[in-house]
Amino acid sequence: MPAPRDSRTLRSFPPVFRADARLLILGSMPGAESLRRREYYAHPRNAFWPIMGALIGARPEQPYRRRITALRAARVALWDVIAQCRRAGSRDTAIVPESVIPNDIERLLRRAPGLRRILFNGGGAEHWFFRCYRGRLDAPPFKGLDFVRLPSTSPACATLTVARKIRLWRCALRLR
């Protein structure tokens, strides 16, 4: 299938992490506003930062660097499954499949060996992760990790309230 006429090649950001991270939150690919501002979850209606504000103190009204510092302090890593792709707009459904180049999540896991759980920010992130890494999940560094799909924080996913998303995310952020 040919790419839509208005699709363009997009590149994601470096990961946010520290070597003793316990959790990795994976999105699919940053949206248009995030790419424009060079910040994870920059769209003002995205619920990611309100959720992180409620759970770890990374409130949306804080400067971006302070929110990132709060994530690291909570030992939460953040990245996207896709390093590069072509897409028109911001929706995961607009990603051109044959253009996808994944991030090196295996390398990140080796650099943060204490990671115990990967949280997918929505079905798109989960889809692309399993598509890119299928066949490798029963071996290190993936073996033994918990994989949890959470409701997307995207404004396009409005079927749940932010309060309900906070409850679901709170459960997933807890480790055994």
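**Close-up 1. Contact between helices H2 and H3 in the predicted model.** From helix H2, the residues Trp49, Met52 and Ile56 meet Tyr64, Arg67, Ile68, Ala70 and Leu71 of helix H3. The residues of this contact divide into seven nonpolar, no polar and one charged. Helix H2 spans residues 48-56 and helix H3 spans residues 64-73, and their axes come within 11 Å of one another while crossing at roughly 50°. That angle makes H2 oblique to H3, and the crossing of the two helices is left-handed.

**Close-up 2. Contact between helices H2 and H6.** Helix H6 covers residues 162-173, and its axis and that of H2 come within 10 Å and cross at roughly 60°. H2 is therefore oblique to H6, and the crossing of H2 and H6 is right-handed. On the H2 side the contact involves Phe48, Pro50, Ile51, Met52, Ala54 and Leu55, which meet Val162, Lys165, Ile166, Trp169, Arg170 and Leu173 in H6.

**Close-up 3. The open sheet of strands E1, E4 and E5.** Three strands form this open sheet, arranged in the order E1-E4-E5 with antiparallel pairing. Strand E1 (8-11) and strand E5 (101-102) are the edge strands, each of which pairs on one side only. Strands of a sheet pair through backbone hydrogen bonds, either parallel or antiparallel.

**Close-up 4. The pairing of strands E1 and E4.** Strand E4 consists of residues 82-87 and runs antiparallel to E1, to which four bridges join it. Within this view, Thr9 stands opposite Arg86 in E4.

Key: Residues are numbered from 1 along each chain as its sequence is written. This is a predicted model: local features need pLDDT of at least 70, side-chain atom pairs count only at pLDDT 80 or more; totals for chains, interfaces and linings use all residues. Side-chain values use heavy atoms; hydrogens and water are left out. Axes are lines fitted to C-alpha atoms, for helices over the stretch in contact, and angles run from 0 to 180 degrees between N-to-C directions. Angles under 35 degrees count as roughly parallel, over 145 as roughly antiparallel, 65 to 115 as roughly perpendicular and the rest as oblique. A crossing is left-handed if the near helix is turned anticlockwise from the far one by less than a right angle, and right-handed if clockwise. Contact means heavy atoms within 4.5 Å. Ala, Val, Leu, Ile, Met, Phe, Trp, Tyr, Cys and Pro count as nonpolar, Asp, Glu, Lys and Arg as charged, and the others, Gly among them, as polar. Two strands pair if DSSP finds at least two bridges between them.
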